[in-house]
Amino acid sequence: MISKEEFLLKAYKLGIIKFGNFTLKSGIQSPFYVDLRPIASDPELLKELSQQLLNLLKKSCYDLICGVPYAALPMATAMSLDSGTPLIIKRKESKGYGTKKMLEGIFKSGQTCVLVEDVITSGKSLIETIEEVEKEGLRIKDIVVVLDREQGGVYLLKEKGYNVYNLFTIEEVVDLLYKNNLLSQEELQNIKNFLKSTPIVTAQVKSSRLTYEEKAALQSHPAAKKILEIAIKKKSNLIASLDVSTTQEVLQLAETIGDTIVAVKLHTDIIKDFSEEYVIKLKSIANKKNFLLFEDRKFGDIGNTQQMQFEGGLYKISDWADLITSHVIAGEDSLKIFDSKVGIITIAEMSSSATLTDENYKKRAIEISENISNVIGCVAQSKLPSSLLLFTPGVNLNSIKDKKGQNFNTPEKVFDKNHTDFIIVGRGIYKSTDPKKEALKYQKSGWEAYLKNISI
Ligand code: 6AU
């Protein structure tokens, strides 16, 4: 393997960096322009680059390699050949026919994939690729980049928890070129001034999550549209899980915190004194305070039984619930029995320790959910395709777990990491000595986390 400096000088001769006055994609005027594609025209140099990049990853553990299209594709291919690591290919756009897959190649959910990028500026292309790859259940820990233009992208990705290994920074490149008399003192200064004065562009990266307004436009089910409308109107993404055992407690809490929430979530089968009168009162508070009624029944049986559980028995859930939860364990047909008016939220992934809802289960749950028109979203602990709303329980500002297997995260974490849409808070509110104050706190922190999420 040759030294980094030798590598750079050879690559420079191929014309990978030009000096002058260039308008970048972002509209910024730049005194240099980098294009690493010519390296692929020199097989020896491409091989050398592959070794340099693999060397950066020598302490990493990974099962697959994927290049960010298009410039990094030959680099990733060379690394795959050199290291014997299988390659997967990320499409820039779906084929629009056949499988419509965005990732080509053989891989299994749960495998770790290294991403390869040629030049990183804002990190936008990398973030798009990360989204697509993670959506398939693959894990990304390490990203290897040939050149960092030092304009915020690396910082953004590190903040999101990824390791970024870059072969060169632009400053290093210009210093080496100057040292080898390939750049004048004036050009060097000019570039350094440009680097110092150009604002970092992370703030301009469009968030990869959609806003509630954008999601409302995508959704066709009335319950999905309604919960998003309420969220926008009340500046809240908070669902209160009122897991209490008397109707009086539910009604009192609903009245007290109703202004801060988008829905009340219930486990009606834990209520001791259920009655039709209670349902009438609860519906009237829901109308007055503008929130939805969400029965967390977690149906999990064959269609015929679920239908009886939904429509019959003591609770007649179909008469009053706007939203219900259902497992997908009995397969797609079991979900087709619910009335089209109710919004179904499937359980794709649970918050409890050692849950059996692994990546593969979640993937199948999402596939089923996307096929049923009144499924509006899923309960999950990680990102979902933007066609489905994400409901995240296990949210608490004061605890990280309970003694019965529940795991908690903060609102900020579930927005930042998973791009959630709605947080579900139970004990954090109803067990508090001042539920109203606490609900306001969750409303505020959930909304701030959402605003932060859409602004990056
Ligand atoms: O904040 P907590 O832990 O007091 O309450 C969380 C609520 C409870 C759970 O039954 C429910 O959220 N839940 C769900 C749901 C909503 O389906 C799934 C899950 O994985 N974890 C979870 O806690 O009412």
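Guide: In this predicted model, strand β9 (residues 238–241) is covered on both faces. L238 and A240 are buried on one side, and I239 and S241 are buried on the other. In a regular strand the side chains alternate between the two faces of the sheet.

β9 pairs in the parallel sense with strand β16 (residues 422–425) over three bridges, and in β16 the bridge partner of A240 is V425. Strand β10 (residues 263–266) also runs parallel to β9, and three bridges join them; here A240 stands opposite V264. From β9 the chain crosses to β10 through helix α10 (residues 247–257), a right-handed β-α-β crossover.

The structure holds 15 aromatic pairs. One of them is Y212 with F422, stacked at 5.9 Å centre to centre with 15 degrees between the planes. Y212 is in helix α8 (residues 212–218) and F422 in strand β16, 210 residues apart. Y212 counts as buried because its relative accessibility is 0%, under the 20% cut-off. F422 is buried as well, with a relative accessible area of 0%.

F294 and F391 have ring centres 6.2 Å apart and planes at 75 degrees, so this pair is edge-to-face. F294 lies in strand β11 (residues 292–299) and F391 in strand β15 (residues 389–392), so the pair ties together parts 97 residues apart in sequence. Both F294 and F391 are buried.

Y212, F422, F294 and F391 belong to one aromatic cluster, together with F415, W447 and Y450. R209 lies over the face of Y212, 5.8 Å from the ring centre.

Notes
Residues numbered from 1 in each chain as written. Predicted model: local features only at pLDDT ≥ 70, side-chain atom pairs only at ≥ 80, totals over all residues. Heavy atoms only, no water. Buried < 20%, exposed > 50% of the residue type's maximum accessible area, 1.4 Å probe, protein only. Helix = DSSP H or I, 4+ residues; strand = E, 2+ residues; numbered from the N terminus. Pairing = 2+ DSSP bridges. Right-handed = clockwise from strand over helix to strand, strands pointing away. Phe/Tyr/Trp six-rings, centres within 6.5 Å; stacked < 30°, edge-to-face > 60°. Lys NZ or Arg CZ within 6 Å of the ring centre and 35° of its normal.
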